[in-house]
Amino acid sequence: MKTEIYEIRCVDSEAAQNALARAGDILRRGGLVVFPTETVYGLGADATDATAASRIYTAKGRPSDNPLIVHVEAPEDAQKYAVTNEVYDRLATAFMPGPLTVIMPVKPTIPSTVTAGLSTVAVRCPSHPVARALLCAAGVPIAAPSANLSGSPSPTCARHVAEDMMGRVDMILDGGDSEIGLESTIVKIEEDGSLTLLRPGAVTPSMLMEIVPELHIADAVLAALPEGQTVLSPGMKYRHYAPKTTFILLDGTREQITAYAKKRKGKIGILCYKEDFDFFSTYFPADQCIIWGKREDTREQAKRLFTLLREMDKLSFDCIFAPLPPREEMGMALYNRMIRAAAHQIVHL
Ligand code: TXA
Ligand code: MG
């Protein structure tokens, strides 16, 4: 398959309008279009077309039991595809368009290929202008997972998408770097009106609880280590976003991290906060210390994380150590992605 790429920086230009019209056409005919969103890039197909949606699984190499998110142009469109309620309306008013996905009972308008046979569907209204313009041009809801090959980090720029998807999709719309860099927050509305957080993201727990006070965190989000255990490596099943280089999270001070890393043989990489770069680079060669972002700036860390995970494998380290993020607020989203990237290898120092 030949993949066309169009760069869109301003949706109003004539060239952009032409590209968007063509992309809309491809989607309506059952094709695949990769598009930017404020979180990560999505690999889109017409969500009402079972055959089109099934092509997504093939292009990504994704297991067919992992359901897709349905993207809608306006929050109120959700009711065409899901049984919405008053809790949804409140969440939509507070956070949409934006980086929140809501899981609700599915309506028959969405084929089971999209929901992987579940009785629920995930709905999201993205805020990125190109995503919005594409939804408008297509005139159909767009089923889209992240536009990476299954198992690799979600793409946050068109270059990442091209690495994974050239020849596998009809079109890539290049909208520049993703503003957030981590996938959307996913919540499920329970029958009693409470929320369960299934994936943390830029809409943080405290933001959600301001709108819906009762919020449960699903166990898998933080996948706590059994007490007293230092390293846990439950195997490939849990390895996502995974660099091929051994990646280990260290929970300790920078002095403890240095002492631990010094004992390790081979070429060591240290992912560090900006403030700690001078410290680490007195113990390790500067080109082995990779700056993640400022310590308190979890938004900046989020934006850089998936690029760093992709780049790590190109740096020929034998092992990379990174600090364990705090579990609060945006830190929870980082923690959730980092423990998966590290295949749950955490050492408490
Ligand atoms: O930010 C995002 O959400 C990006 C952009 C493209 O919108 N999309 C994204 O999609 O991250 P994906 O497929 O990579 O992640 C969606 C997650 C999967 O873990 C899937 O299992 C879950 O949502 N999911 C989808 N429908 C679900 C449902 N009905 N019940 C429970 N989980 C569901
Ligand atoms: Mg994904």
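A polar contact is a pair of N or O atoms within 3.5 Å. In this predicted model, that criterion applies directly to the ligand site, where an N or O atom in the side chain of T39 lies 2.6 Å from an oxygen atom of ligand 1. Because the cut-off is 3.5 Å, the separation of 2.6 Å at T39 qualifies as a polar contact.

The surroundings of ligand 1 comprise 23 residues, and the closest are T39, N66, H71, R124 and S184. Besides T39, two of these residues can be described by their polar side-chain atoms. H71 places a polar side-chain atom 2.7 Å from an oxygen atom of ligand 1. For R124, an N or O atom in the side chain is 2.8 Å from an oxygen atom of ligand 1.

The overall architecture may be considered next. The domain assignment divides the protein into domain 1, spanning 4-222, and domain 2, spanning 246-348. A distance of 29 Å separates the C-alpha centres of the two domains. Their contact involves 29 residues of domain 1 and 20 residues of domain 2.

The size of an interface is often given as the accessible area lost when the parts come together. For domain 1 and domain 2 this buried area is about 2000 Å², of which 55% is on carbon and sulfur atoms. On the side of domain 1, P153, L182 and L222 lose the most area to domain 2, and together they account for 32% of what that side buries.

The elements of domain 1 that give two or more residues to the side touching domain 2 are α7 (158-165), β10 (195-199), α8 (205-211) and α9 (219-222). By class, that side of domain 1 has 13 nonpolar, 11 polar and 5 charged residues.

Side chains of opposite charge can pair when their charged atoms come close. There are 4 salt bridges between domain 1 and domain 2. In a salt bridge of the model, the side chains of E183 and R337 meet with an N to O distance of 2.8 Å.

The structure as a whole holds 16 salt bridges. One of these joins E4 and R22, with the closest N and O atoms 2.5 Å apart. This pair links distant parts of the chain, 18 residues apart: E4 belongs to strand β1 (residues 4-7), while R22 belongs to helix α1 (residues 14-28).

Two features of the backbone remain. Most residues other than glycine have a negative phi, and most peptide bonds are trans. The peptide bond from M96 to P97, however, is cis, with omega near -5 degrees. P97 is located in the loop between α4 (86-95) and β5 (100-105). A116, a residue other than glycine, has a positive phi near 55 degrees. The loop that contains A116 runs between α5 (112-115) and β6 (120-124).

Conventions: Residues numbered from 1 in each chain as written. Chains lettered and ligands numbered in written order. Predicted model: local features only at pLDDT ≥ 70, side-chain atom pairs only at ≥ 80, totals over all residues. Heavy atoms only, no water. Domains from an automatic or database assignment. Contact = heavy atoms within 4.5 Å. Buried area = accessible area lost by both parts, 1.4 Å probe. Helix = DSSP H or I, 4+ residues; strand = E, 2+ residues; numbered from the N terminus. Nonpolar A, V, L, I, M, F, W, Y, C, P; charged D, E, K, R; others polar. Near = heavy atom within 4 Å. Polar contact = N/O pair within 3.5 Å; in protein donor to acceptor, adjacent residues only side chain to side chain.
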